[in-house]
Amino acid sequence: MSQQTDTTQHLPASGFGAGYLAGIRDVVVLELKQRLRSRGWYIMLAIWFILTGLVTWLTWASWDAQREAQSAYSNVLPADAGPGSMIFEVVLAFVLLFALLVAPALSANAVNGDRAAGTLAILQVTLLRPGQILWGKFFAAWAAALAFLVASTPFLVIGVALGGMTPGHVLVALLMLAVEVGVVCAIGVGISALAGRPLFSIVVTYLAVAGLVFGSLIAFALGTGLSQGTIMANQAQYRNYEPLQPVPDETVPEEPEYTCSGPLRAQPAVRTERVAWMLAMNPYVVVADAIPYTVRVNNRFGLSSPVGAIESISQGARYAMAGPEGTYPCANGKAQPRYLAQSTPLWPLGLGLQLLLAGLLMWLGWRSLRTPAHRLARGTRIA
Amino acid sequence: MPAQPESPRQDGISATAVSRSFGQVHAVEHMDFHAPAGKVTALIGPNGAGKTTLLLMLASLLAPDSGTITVDGLDPHHHRAEVRKRIGWMPDTLGVWESLTAREILTQIARFYQLPKAGIPQRVTEMLDRVRLSDLADQPARVLSRGQQQRLSLARALIHDPSVLLLDEPASGLDPGSRVELRVMLRQLAAEGKSIVVSSHVLSELDEIADAAVFVNRGKTVRHQTTDEAAASGRRYAISATDGAALAAKLTQLGLAFRVEDGRRPAVSLVLLNDDDAARLLGDLVLAGVGVSSFAPASGALEETYMNLEGERR
């Protein structure tokens with residue numbers, strides 16, 4: 001009885017929601033039909049597949065050659081986990097690079113391309129709402145870009161198959177790649193709704209991607225120069241180096257490697273945590289930081305440096321994020337772990353900022369699609 | 001609470017004192033326009049007169065800076081969906097999704113208008129028949145000729161059976177046969193009670209289609225005139241004869257002011273008030289032994305008005 005009342009009460013709302021989603025789906029269908037019929041998309045997909053395959057094969061071949069050279073000149077064979085981790089990392093970096101390059105091409109003319117072809121107004125004059133058009137364009141662009149990720153999946157799986165990695169790595173990596181591609185697509189669609197000409201919006205979207213990839217690094221580097229500060233720290237007393245003493249338990253990290261003593265003194269330090277958010281916006285940092293890696297323990301040589309590019313990027317970014325408070329030796333009289341655990345992930349911050357940017361652009365794009373239109377960009381005809 | 005959209009008045013589309021400027025350019029200034037239901041109203045004016053801007057505002061794509069627009073008594077701002085359902089708009093740019101077939105385009109548009117899903121295939125087939133595109137229904141739109149795309153565009157504007165049809169230059173690019181068809185179709189649609197707005201430059205065409213014409217120039221409504229009124233205000237006839245001198249002499253004798261046209265064939269032209277005058281003059285000329293080889297309206301009734309307006313402008 002009460003359930004029935006509930007349904008009737010909720011019908012209008014859910015009916016609207018379903019109708020809204022149906023409209024988005026119709027726009028996606030319209031867009032994808034066109035994309036699936038353009039030869040360029042297939043050609044790009046084929047080139048992508050071949051390139052990724054080539055990179056995978058070259059990475060594997062170079063690892064193999066290295067290994068052979070090592071075994072030829074020395075008797076020590078590194079007890080390595082195989083080429084898996086290396087192939088995985090190289091392919092991942094490559095796929096992310098090309099995904100960032102392909103996504104703007106697939107998304108940044110979505111709206112103004114239609115405007116130029118005179119088909120946007122035809123959509124706008126129907127019962128479709130501006131949000132439905134924009135979301136439809138976004139999901140279509142995203143789906144088209146995801147096809148490229150699907151095409152590169154076999155090579156990431158090869159990385160797993162050759163050892164060292166778990167399927168979880170591939171899943172998380174693909175998920176994060178998909179999200180990053182989605183962010184770029186949203187930026188592209190938003191800009192395409194704002195800019196008058198497709199060429200302009202594509203260039204601007206590429207610049208935005210370059211800004212995320214390189215600009216974030218440059219901004220971080222320049223920002224650190226402006227973030228001079230001090231930190232209260234005392235003296236670190238490093239343990240004596242005893243190479244002949246056996247490590248008692250290899251599984252327990254022997255940290256810290258020093259003890260802190262003496263009075264706290266203000267020491268100059270770069271407060272990287274103030275500008276680390278810029279570093280966090282880097283797609284490579286987001287992807288690398290999200291991929292899980294096992295916390296290393298001290299190895300036979302007493303070192304615990306990160307292994308592999310993904311881990312290095314993640315650790316580097318976390319180091320910056322922690323700032324001197326968390327990384328300076330004996331900051332506040334406490335010994336710092338050399339290796340930052342993954343319990344304080346950085347990627348939610350970076351992804352959050354990226355989503356904020358993409359959301360802002362989509363919202364501005366939505367505003368420009370509203371009809372009856374009040375303001376038009378200079379020199380644009382609505383039809 | 002705004003007026004109930006369930007009980008609309010079928011009174012066509014009208015704009016009252018609408019203005020719209022783009023930066024410094026005043027595209028439309030205090031323009032009044034009314035297209036009653038069941039009639040074909042022509043929107044006539046030179047290039048850049050504000051026709052397309054007015055049509056965009058009528059189609060509820062562009063908001064007027066001031067003034068109001070009503071569609072069957074509904075305000076596009078408050079009854080967005082209701083108004084959209086009532087408007088069919090055929091733009092002057094042929095926007096077609098080139099890789100889709102005519103059938104797919106119409107199906108998509110029908111879905112965007114939220115027509116009942118079960119009825120869509122039949123409705124699409126019906127519309128394709130109506131614009132004679134059944135044979136090309138499953139060809140990608142890029143292989144269609146301009147005229148065929150134009151007809152597809154018309155079918156798209158009609159797919160949801162709107163009560164107001166806005167056509168921006170519908171006849172451009174159509175072959176003569178298709179023009180006649182378009183004319184017949186528009187008359188049919190008007191007879192069904194739709195209000196139809198046609199903007200065009202082909203004025204002789206509009207004579208045959210339009211019940212009334214609104215002349216606009218420089219963003220203003222210059223004149224509103226029914227086709228009958230236009231015809232009643234006199235029309236220029238062109239007369240040519242085997243012996244031009246005899247024709248000129250007879251016209252002078254009848255005391256009629258005429259103008260020697262410098263066309264390819266020697267001819268004179270003069271303004272006659274109505275059809276009776278024309279019949280009488282032709283009779284006189286023939287009885288006087290002037291070898292009349294052609295005797296016909298030199299221009300359409302609307303064209304006459306248009307040219308007069310053009311003259312006033314200079």
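Predicted model: local features only at pLDDT ≥ 70, side-chain atom pairs only at ≥ 80, totals over all residues.
**The interface of chains A and B**

Begin by displaying chains A and B together. On the side of chain B, 27 residues are in contact with 25 residues of chain A. Helix 2 (80-86) and helix 3 of chain B are the elements that give two or more residues to this side, and helix 3 gives the most, with five residues. By class, the chain B side consists of 16 nonpolar, seven polar and four charged residues.

Next, select Arg111(B), which belongs to helix 3 (residues 102-112) of chain B. Arg111(B) counts as buried because 21 other C-beta atoms lie within 10 Å, the cut-off being 20 or more. Leaving aside residues up to four places away in sequence, Arg111(B) touches Asp26(A) and Ile120(B). For a sense of scale, select Gly50(B) as well: its C-alpha atom is separated from that of Arg111(B) by 32 Å, and the two residues are 61 apart along the chain.

**A covered strand in chain B**

Now select strand 5 (residues 87-90) of chain B. Ile87(B) and Trp89(B) are buried on one side, and Gly88(B) and Met90(B) are buried on the other, so that both faces of the strand are covered. Within strand 6, Leu167(B) is the bridge partner of Met90(B).

**Two helices of chain A**

Turn to helix 7 (residues 167-194) and helix 8 (residues 198-225) of chain A, whose axes come within 9 Å and cross at roughly 145 degrees. The crossing is right-handed. To view the contact, select residues including Ile187(A) and Ile191(A) of helix 7 and Val204(A) and Ala208(A) of helix 8. The contact has six nonpolar, four polar and no charged residues.

**The four-stranded sheet of chain B**

Finally, select the open sheet of chain B, in which four strands follow the order 11-12-10-13 with antiparallel pairing. Strand 11 (259-261) and strand 13 (292-297) stand at the edges; each has a single partner strand, so one side of each lacks a neighbour in the sheet. Neighbouring strands are turned by 30 degrees against each other on average, direction ignored.

Strand 10 (residues 235-241) is joined to strand 13 by five bridges, and Tyr237(B) stands opposite Pro297(B). Helix 9 (residues 244-253) lies across strand 10 and strand 12 (267-272), at about 135 degrees to strand 10. Helix 10 (residues 275-287) lies across strand 10, strand 12 and strand 13, running at about 170 degrees to strand 13.

Terms used
Residues numbered from 1 in each chain as written. Chains lettered and ligands numbered in written order. Buried ≥ 20, exposed ≤ 12 C-beta atoms within 10 Å, placed from the backbone. Contact = placed C-beta atoms within 7 Å. Nonpolar A, V, L, I, M, F, W, Y, C, P; charged D, E, K, R; others polar. Pairing = 2+ DSSP bridges. Axes fitted to C-alpha atoms, helices over the stretch in contact; angles between N-to-C directions. Left-handed = near helix turned anticlockwise from the far one by under 90°.
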